[in-house]
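Could you walk me through this structure stop by stop? I have it open in a viewer and would like to know what to select next and what is there.

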Amino acid sequence: MTYRLAPITGDNIPVPQLIFNCLPRAGGDHVRVALYILATHSTDPRDIAHALALKSVQAAQKSLDFWHGAGLLIPEQGVQAPQAIQEKAPPLSAEELRFAAMRDPVVSMLATEGQTCLGRALGQKDIQRLVSLYVNESIPPEVILLCASHLAALGRGTVGQLERELDRWSQLGVNNGEEAEQYLQLLDLRQRREQTVAAMLGIAAQDLNMADKRCVRRWYEEYGYDDAMVEEAILHAGANKEVKYINGILKSWHAKGWRMPQDARGAGELEGSNIRVDRAAPSGNDILRRAVSRPLRLKREE
């Protein structure tokens, strides 16, 4: 089946020639962001990420930075302009790799240890790409190897995924071995928190989607809550044990300045069977003993 352009009905917008000139090096997200900006004049990365269903706000910001570097966008007055996107150098050729290995012993070590960390043997092209991360992009070898081990543990041990993950780490400010170790510790802590929350909800940790995980991250890292506060919110949620609903409860508590479970319990928010009373010492009232001593009363028959 062949096609032709449908008649223009007046709802079209002008597209600068600059965008067409950048098509060979602009990714799909970059093009979508450019068209969205032309249609809405919005350059807010959060709005763009939400409207276009991008993976993250950082992905929208990366596209904004790309178009700023290309000349489509200019910085606002009084706001520091982001640095223009630098074009990456192509991977080392086989000859360049050989000379690099002769000049720097780290190159050979990285080629060997990189394959070990990724858990697979790499072809010549992949080795050239791997070493280029160190030679061309000046990424410390320890950062490359730590990232490779992390991806291999997740079952994503390819050089392409390594390149993308290192780009993301760079955007997050992870630039040396110490920062990489701290970031991996944070990822491990986040995973344990997700498992804890999933256990509280009675579901498997893998059933949490990305939006759920962002909510869990916000509870602990932004609101500063602990497991007890999250458990209290789940108690308040009753039968509605959805992460989004619990997030609304914790967001409300954070806005009110409530920091401990006692703050929520003393505010009259619990009703009916959800009421929980914690005492420092027993009240002394034994309801079973009181029932034995209570006189038996029969219902009067009419």
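Is Ile13 buried, partly exposed or exposed? Select Ile13 and find out: at 39% relative accessibility, Ile13 counts as partly exposed. You'll find Ile13 in the segment before α1 (17-22). Keep in mind as you look around that this is a predicted model.

**Step back: the whole chain**

Switch to a cartoon view. The protein chain has 15 helices and zero strands. Of its 302 residues, 31% are buried. The accessible surface of the chain is about 20,200 Å², and carbon and sulfur atoms hold 52% of that. If you look at contacts between residues at least 6 apart in sequence, 55% of them join residues at least 24 apart.

**Helix α7**

Next, select residues 124-135, which make up helix α7.

Which residues of α7 are buried? Colour Ile127, Gln128, Leu130, Val131, Ser132, Leu133 and Tyr134 to see them. To see what these buried residues pack against, bring up α5 (94-103), α6 (105-118), α8 (141-153) and α9 (159-171).

Zoom in on Gln128 in this helix. With 6% relative accessibility, Gln128 counts as buried. Setting aside residues up to four places away in sequence, Gln128 touches Pro91, Leu92, Ser93, Ala94 and Leu97.

**Across to α6**

Slide over to Leu110, which sits in helix α6. Leu110 has 0% relative accessibility, so it counts as buried. What does Leu110 touch, not counting residues up to four places away in sequence? Show Leu130, Val131, Tyr134, Pro141, Ile144 and Leu145, and you have its partners. Draw a line between the C-alpha atoms of Leu110 and Leu130: these two are 20 residues apart along the chain, and the line comes to 8.1 Å.

In soluble globular proteins, nonpolar side chains tend to be buried together. Here the largest nonpolar core has 30 residues, and those with the most contacts inside it are Val131, Leu133, Ile144, Leu162, Leu166 and Trp169. The elements giving two or more residues to this core are α5, α6, α7, α8, α9 and α10 (177-201). Which of them gives the most? That's α8, with six residues.

Leaving aside neighbours within four places in sequence, Leu133 is in contact with Ser138, Ile139, Ile144, Leu162, Glu163 and Leu166. Another core lies apart from the largest one; this other core has 22 residues, including Leu208, Val216, Ala237 and Trp258.

**Salt bridges**

Time for some charges. How many salt bridges does a search of the whole structure find? There are ten, and we'll visit a few.

Start with Glu163 and Arg129, whose side chains meet at 2.8 Å, N to O. This pair links distant parts of the chain, with Glu163 in helix α9 and Arg129 in helix α7, 34 residues apart. Arg129 counts as partly exposed, at 26% relative accessibility.

Then select Glu221 and Arg190, a salt bridge with its closest N and O atoms 2.7 Å apart. Glu221 is in helix α11 (residues 210-222) and Arg190 in helix α10, so the bridge ties together parts 31 residues apart in sequence. Glu221 is partly exposed at 36% relative accessibility, whereas Arg190 counts as buried at 15%.

Finish with Arg265 and Glu232, where the closest N and O atoms of the salt bridge are 3.2 Å apart. Arg265 belongs to helix α14 (residues 261-265) and Glu232 to helix α12 (residues 227-237), so this pair ties together parts 33 residues apart in sequence. Arg265 is partly exposed, with a relative accessible area of 25%, while Glu232 is buried at 0%.

Note on methods: Residues are numbered from 1 along each chain as its sequence is written. This is a predicted model: local features need pLDDT of at least 70, side-chain atom pairs count only at pLDDT 80 or more; totals for chains, interfaces and linings use all residues. Side-chain values use heavy atoms; hydrogens and water are left out. Helices (H or I, at least four residues) and strands (E, at least two) are DSSP runs, numbered from the N terminus. The expected span of a helix is 1.5 Å times one less than its number of residues. Buried means under 20% relative accessible area, exposed over 50%, partly exposed in between (1.4 Å probe, protein chains only). Contact means heavy atoms within 4.5 Å. Accessible areas come from the Shrake-Rupley method with a 1.4 Å probe; for residues, only the protein chains shown count as cover. A nonpolar core is a set of buried Ala, Val, Leu, Ile, Met, Phe, Trp, Tyr and Cys residues joined through side-chain atoms within 4.5 Å. A salt bridge is a side-chain nitrogen of Lys or Arg within 4 Å of a carboxyl oxygen of Asp or Glu.
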